[in-house]
Amino acid sequence: MAKRYWLFKSEPSEFSFEDLARAREQTTFWDGVRNYQARNLLRDEIQVGDGVLYYHSSTEPTAVIGTAEVVRAGYPDHTQFDPKSSHFDPGAKPEEPRWYMVDIRLVRSFAQPVPLATLKQTPGLAGMTLLQRGSRLSVQPVSAAEWEIVCRLGG
DNA sequence: GCCAACGTTGGC
DNA sequence: GCCAACGTTGGC
């Protein structure tokens, strides 16, 4: 299957791109997604080798700050079974997982982060899921054309 | 901190 | 299956 592209949102206070840079092998599991639409992407669509735009939300400025690649496809998010985790889901059973995650590895830190305001002003990005009214998906698809434009803006 | 937008829950 | 109430997201 052809390589596809995604945008992952993270609040830097939770797990920032710098945290990813410091992580072992600059790799992390993407836990904590608790939205069914995003879950379906993680479980069914996102494949090893796919590209990820790393987006910092709820910070100043919100921005795409770098790229990563998927190094492991969807598998059950273990935090759903952990009563001590803030992502614990009492309705999830190990034999019937409800939530999934993938592993990603850092690829490139942008020379210049691309803030939301820039994305909004850039021709060719008007169709980005991120920019749609009321869009809240924390894992969302990005087209190859959008990927190219954002990466160019990032330097 | 505000609040619009959206997703989920649960009574009926 | 409807929909009001509630909780969450996330830009501002």
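Contact in this report means heavy atoms within 4.5 Å.

## Basis of the report

This is a predicted model, in which local features need pLDDT of at least 70 and side-chain atom pairs count only at pLDDT 80 or more, while totals for chains, interfaces and linings use all residues. Residues are numbered from 1 along each chain as its sequence is written, and side-chain values use heavy atoms, with hydrogens and water left out.

Helices (H or I, at least four residues) and strands (E, at least two) are DSSP runs, numbered from the N terminus. Buried denotes under 20% relative accessible area, exposed over 50%, and partly exposed in between (1.4 Å probe, protein chains only).

## Helix H3

Helix H3 spans residues 36–45, and its buried residues include Ala38, Arg39, Leu41 and Leu42. These residues lie on the same side of H3 because they cover an arc of only 160° around the axis, the arc being that of the directions from the helix axis to the C-beta atoms. An α-helix has 3.6 residues a turn, so residues three or four places apart point the same way. Among the elements that cover the buried residues of H3 are S1, strand S4 (63–76), strand S5 (100–115) and strand S6 (139–142).

The N-terminal end of H3 is capped by Asn35, with a side-chain oxygen 3.0 Å from the backbone nitrogen of Gln37. A polar contact is a pair of N or O atoms within 3.5 Å; within protein, one must be able to donate a hydrogen and the other to accept it, and residues adjacent in sequence count only if both atoms are side-chain atoms.

## The largest pocket

The largest pocket has a volume of about 480 Å³. Its lining comprises 16 residues, of which Lys9, Ser10, Glu14, Asp31 and His87 lie nearest the centre. Strand S1 (5–10), helix H1 (12–15) and strand S2 (27–29) are the elements that give two or more residues to this lining. By residue class, the lining divides into 4 nonpolar, 7 polar and 5 charged.

A pocket is defined on a 1 Å grid over the protein atoms alone, as an open set of points where a 1.4 Å probe fits, with protein on both sides within 12 Å along at least five of seven lines; lining residues have an atom within 4 Å of a point. Grid points are joined across faces, edges and corners, and the volume is the space filled by probe spheres set on the points. Ala, Val, Leu, Ile, Met, Phe, Trp, Tyr, Cys and Pro count as nonpolar, Asp, Glu, Lys and Arg as charged, and the others, Gly among them, as polar.

## Loop geometry

The loop between strand S3 (51–56) and S4 contains Pro61, and the peptide bond from Glu60 to Pro61 is cis, with omega near -5°. Ser58 is found in the loop between S3 and S4; although not a glycine, Ser58 has a positive phi of about 50°. Ser58 is exposed, at 59% relative accessibility.

Glu25, in the loop between helix H2 (17–22) and S2, also has a positive phi, near 55°, in a residue other than glycine. Glu25 is exposed, with a relative accessible area of 55%.

Gln80 belongs to the loop between S4 and S5 and is buried, at 0% relative accessibility. A polar atom of the Gln80 side chain lies 2.8 Å from the backbone oxygen of Trp99. Leaving aside neighbours within four places in sequence, Gln80 is in contact with residues including Arg34, His87, Phe88 and Trp99.

Ser109 lies in strand S5 and is partly exposed, at 47% relative accessibility. Not counting residues up to four places away in sequence, Ser109 touches Phe17, Ile65 and Gly66.

Notes: Chains lettered and ligands numbered in written order.
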